[in-house]
Amino acid sequence: MTVETQPPPAPDDVRPTRAANPLYDPRPDAERPARPGPVPDPEVFTGWVGQTVRDLDPTTEADPVAILVNLLSAGGAIIGPGPFLWIGNDRHPALIWALTVGATAAGRKGAASNTVKRLFKAADPQFVANHMPSGLSSGEGLIEAVRDGDPDPKPGKAAKGGEGVVDKRLWVVESEYGITMARARREGSSLGGVLRQAWNGEDLGVMNREAMRSTAPHIALIGHISPRELRAKMQDSELAGGTYNRFLPVFVHRNLSLPDATGAPEHLVERLADTWRTVLADARRVGEVKLTDAAGQLWREEVYPALSGADDDDGPLAEFTARAAPYAKRAAMVYALLDHSDRIEEQHLRASWALIRYARASAAHILGPAAGGTGDPNLDKLAAAVKAAAPGGLTQSEVQVMFKRQNATQRSELTARLCQLPGFAAAQVPNGGRHTTVYLYAPPD
């Protein structure tokens with residue numbers, strides 16, 4: 001059998017993780033530093049939250065996707081515990097937790113959070129003044145911030161926590177999340193367990209002699225950390241405990257060079273704040289959120305199979321992204337609420353799905369080769385199938401059957417990206433007077 005190996009496609013023909021995105025693509029009027037990691041699909045910037053990102057983007061060096069996840073997280077926190085959706089028998093609140101992961105000098109993580117804080121200070125100054133703490137040190141400390149009062153204080157003894165906290169919404173921004181991780185690892189620390197309860201929207205409590213409780217808290221969290229620090233501090237036991245897969249890992253990098261930047265003009269902030277004020281107030285009146293028929297069909301036929309089709313995977317990447325499927329619905333709910341809708345429409349689910357894909361790509365980039373994946377579930381699926389088909393390889397026809405829901409251009413891009421991975425190649429194999437394309441794998445030396 002004669003095998004004619006094709007040369008790898010030229011770099012210009014390969015788009016590793018994205019479609020064209022005006023917020024990141026080069027422009028004559030925008031000086032963009034080189035980006036060392038993945039770029040999100042433009043679908044993540046959908047609806048009103050996406051429009052806000054586009055309006056603010058020229059005024060800050062922060063990564064647009066970092067501003068996006070801060071808006072989703074803070075917006076969900078301000079909306080509060082009213083809106084929810086059912087996933088199985090679990091009641092999910094409008095809470096988005098994210099780790100923005102970028103280099104200390106180039107990540108501009110704080111710039112993204114501060115941009116969003118400035119906007120919400122204009123839209124809801126009371127929330128910003130009273131519901132944005134930092135400095136997570138213990139589970140008890142977090143409960144203290146949203147504590148219940150003592151319903152039955154003993155005579156002659158002050159009630160623990162006084163009268164308690166009435167408004168239990170929090171948006172916690174931890175600029176040094178590595179410190180928080182270190183605290184959670186200490187022997188006897190309750191912080192990891194309390195954080196898991198908070199993400200679930202459950203009542204908070206710890207078992208000790210001076211036990212405090214918090215009923216129906218609503219806490220969102222953004223953590224800033226560098227890739228090196230994240231890799232150094234992560235341990236398998238922490239991954240298995242489920243704390244980190246409650247966060248969306250989001251790679252961030254400085255997107256513009258603005259040496260003379262003075263921030264967003266006041267008139268822009270006020271204009272955006274006026275609309276956000278109305279959006280947030282209307283969202284608070286929403287109760288149960290459901291998918292439209294079109295969104296439900298998209299969920300059943302495409303999103304859920306894609307996000308739950310790798311249940312047999314293990315390793316750091318799989319642990320970090322284990323909640324991808326429920327997170328896709330949860331984030332879609334927040335997109336919908338911030339788009340003045342009480343139903344998850346198809347565009348909200350597609351935006352959320354794109355965000356989850358970007359989080360997976362971010363995790364693969366941040367964790368490195370040891371993560372055991374590329375960050376793209378379709379590319380991982382294709383690579384596994386080619387390896388399993390060795391030594392004969394996987395034919396183009398078999399690829400078409402595997403990815404029949406994708407068009408020819410998408411399949412072509414996918415196979416081109418496969419051939420850029422170490423050990424993979426495309427070959428032309430004679431077949432009855434014609435040639436068939438076959439994809440092969442040979443372990444690299």
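A salt bridge is a side-chain nitrogen of Lys or Arg within 4 Å of a carboxyl oxygen of Asp or Glu. The legends below apply this definition to a predicted model.

**Figure 1. Overview of the predicted protein model.** The chain folds into 17 helices and 14 strands. Of its 445 residues, 48% count as buried. Among contacts between residues at least 6 apart in sequence, 76% join residues at least 24 apart. The protein exposes about 20700 Å², and carbon and sulfur atoms supply 50% of this area. The count of salt bridges comes to 15, and the close-up views that follow present examples.

**Figure 2. Close-up of the salt bridge between Asp 29 and Arg 27.** The closest N and O atoms of this pair are 2.8 Å apart. This distance lies within the 4 Å cut-off, so the pair qualifies as a salt bridge. Asp 29 has a relative accessible area of 62%. Because exposed means over 50%, Asp 29 is classed as exposed. Arg 27, with a relative accessible area of 37%, is partly exposed.

**Figure 3. Close-up of the salt bridge between Glu 266 and Arg 118.** The side chains of Glu 266 and Arg 118 meet at 3.0 Å, taken from N to O. This pair links distant parts of the chain, for the two residues are 148 residues apart. Glu 266 belongs to helix H10, which covers residues 266-283, whereas Arg 118 belongs to helix H3, which covers residues 109-123. Glu 266 is partly exposed, its relative accessible area being 45%. Arg 118 is also partly exposed, with a value of 33%.

**Figure 4. Close-up of the salt bridge between Asp 167 and Arg 169.** The N to O distance between these two side chains is 2.8 Å. Asp 167 is partly exposed, with a relative accessible area of 27%. Arg 169 has a relative accessibility of 10%. Buried means under 20%, and therefore Arg 169 counts as buried. The view thus pairs a partly exposed acidic residue, Asp 167, with a buried basic residue, Arg 169.

**Figure 5. Close-up of a salt-bridge network.** Glu 61, Arg 108 and Arg 254 are joined into one network. The salt bridges that connect these residues share partners.

Notes: Residues numbered from 1 in each chain as written. Predicted model: local features only at pLDDT ≥ 70, side-chain atom pairs only at ≥ 80, totals over all residues. Heavy atoms only, no water. Helix = DSSP H or I, 4+ residues; strand = E, 2+ residues; numbered from the N terminus. Buried < 20%, exposed > 50% of the residue type's maximum accessible area, 1.4 Å probe, protein only. Contact = heavy atoms within 4.5 Å. Areas by Shrake-Rupley, 256 points an atom, 1.4 Å probe, with all protein chains shown as cover.
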